[in-house]
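Biologist: I'd like to go through this model with you. Can we start with a single residue and work outwards?

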Amino acid sequence: MAKQNNAKAQPLPQVQHLPRMSKAVIITQLGLNLAAICGFALWGYTWLNQSVSKIVEAKLEIYVEMEDASLAAHEQRYDEAIAAYYSLYQKLGKSASQDATNRNVLPSVFTGWLFALANCPDPGKHSREFALIAKAIADGSMLPYASDWIYIGWYHFRIGDANLARISFDEALRQLADVNNESMIADAHWGLTYVELADGHLNDAYSQLIQAADGNPTQYAELDVDSDGAKNRRYARLYPAKFLTTLGQLSDKLDEDNPAEKAVRPRKQATPVPHR
């Protein structure tokens, strides 16, 4: 039989404790940690505040530039307005897909831009700017309003493309078919009056003129029949075959039909662009 081992088990050696930090060291360390946290928080707040300020300043700058461009257009400084809207488009177009605010501002930029292009002294020299708008329409990034189509129509008419002008004015009327906006409908018919004059369609020009005058008699009750006027000389150069001849025929027809009863009276000066 194996001999029983009566030796007592020896206790394990006691693990020595790590040296303790003094209270002063602990307090100092906590103070340093707290200072670091506060410093980081302050830096973060400063960075965030500066970032937000930059964003707000950028937005405000856009709106200030919008106001300047709009003021230039309505003061008939159209070339300045076109340049200002072009600058805005360059700034907004690049970020519109990511920035909802910029995306919402772009339609107003396009509308103001088109207004200036339709009214400027020489729209032909701004073909580069118009090409940018046409591209935006083609790729779906711009969905023109009815008023935009009216401005597009005048741009085309004033550079000598009566066919595209007709398409644009017709598109405006299509969009306005279910809208009670007699003034804007009259704008489109007024544009089509000039298209019909350029195409030599006397009866159609008369019909369009009557519809424009019925919709907005204050603005379209008078037709410029001055063949020597600067505007009509320009249109005669753009449409040499028929414009002045048809304009004269329309003037005679209005006289024969007593234009006072139709709210249409010929005059010497009138601006064909829909918004003066």
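Biologist: Is S168 buried or exposed?

Modeller: S168 is buried, with a relative accessible area of 3%. Buried means under 20% relative accessible area, exposed means over 50%, and partly exposed is in between, using a 1.4 Å probe and protein chains only. Bear in mind that this is a predicted model: local features need pLDDT of at least 70, side-chain atom pairs count only at pLDDT 80 or more, and totals for chains, interfaces and linings use all residues. Residues are numbered from 1 along each chain as its sequence is written, and side-chain values use heavy atoms, with hydrogens and water left out.

Biologist: Where is S168 found?

Modeller: In helix α6. Helices (H or I, at least four residues) and strands (E, at least two) are DSSP runs, numbered from the N terminus.

Biologist: And what does S168 touch?

Modeller: Leaving out residues up to four places away in sequence, S168 touches W149, I152, G153 and H156. Contact means heavy atoms within 4.5 Å.

Biologist: Which residues of α5 and α6 make the contact between them?

Modeller: First the geometry. The axes of α5 (residues 146-158) and α6 (residues 162-175) come within 7 Å and cross at roughly 165°. Axes are lines fitted to C-alpha atoms, for helices over the stretch in contact, and angles run from 0 to 180 degrees between N-to-C directions. The two helices are therefore roughly antiparallel, a label for angles over 145 degrees; under 35 is roughly parallel, 65 to 115 roughly perpendicular and the rest oblique. As for the contact, α5 contributes residues including W149, I152, G153 and H156, and α6 contributes residues including A165, S168 and A172.

Biologist: How many nonpolar, polar and charged residues does that contact have?

Modeller: The contact of α5 with α6 has 11 nonpolar, four polar and one charged residues. Ala, Val, Leu, Ile, Met, Phe, Trp, Tyr, Cys and Pro count as nonpolar, Asp, Glu, Lys and Arg as charged, and the others, Gly among them, as polar.

Biologist: Changing topic. Which residues of α10 are buried?

Modeller: In α10 (residues 230-238), K231, N232, Y235 and A236 are buried. They cover an arc of only 135° around the axis, which puts them on the same side of α10. The arc is that of the directions from the helix axis to the C-beta atoms. On the other side of α10, A230 and R237 are exposed.

Biologist: What covers the buried ones?

Modeller: The cover includes α5, α7 (182-199), β1 (222-224) and α11 (243-256).

Biologist: How many helices and strands does the chain have?

Modeller: It has 11 helices and two strands. Of its 276 residues, 38% are buried.
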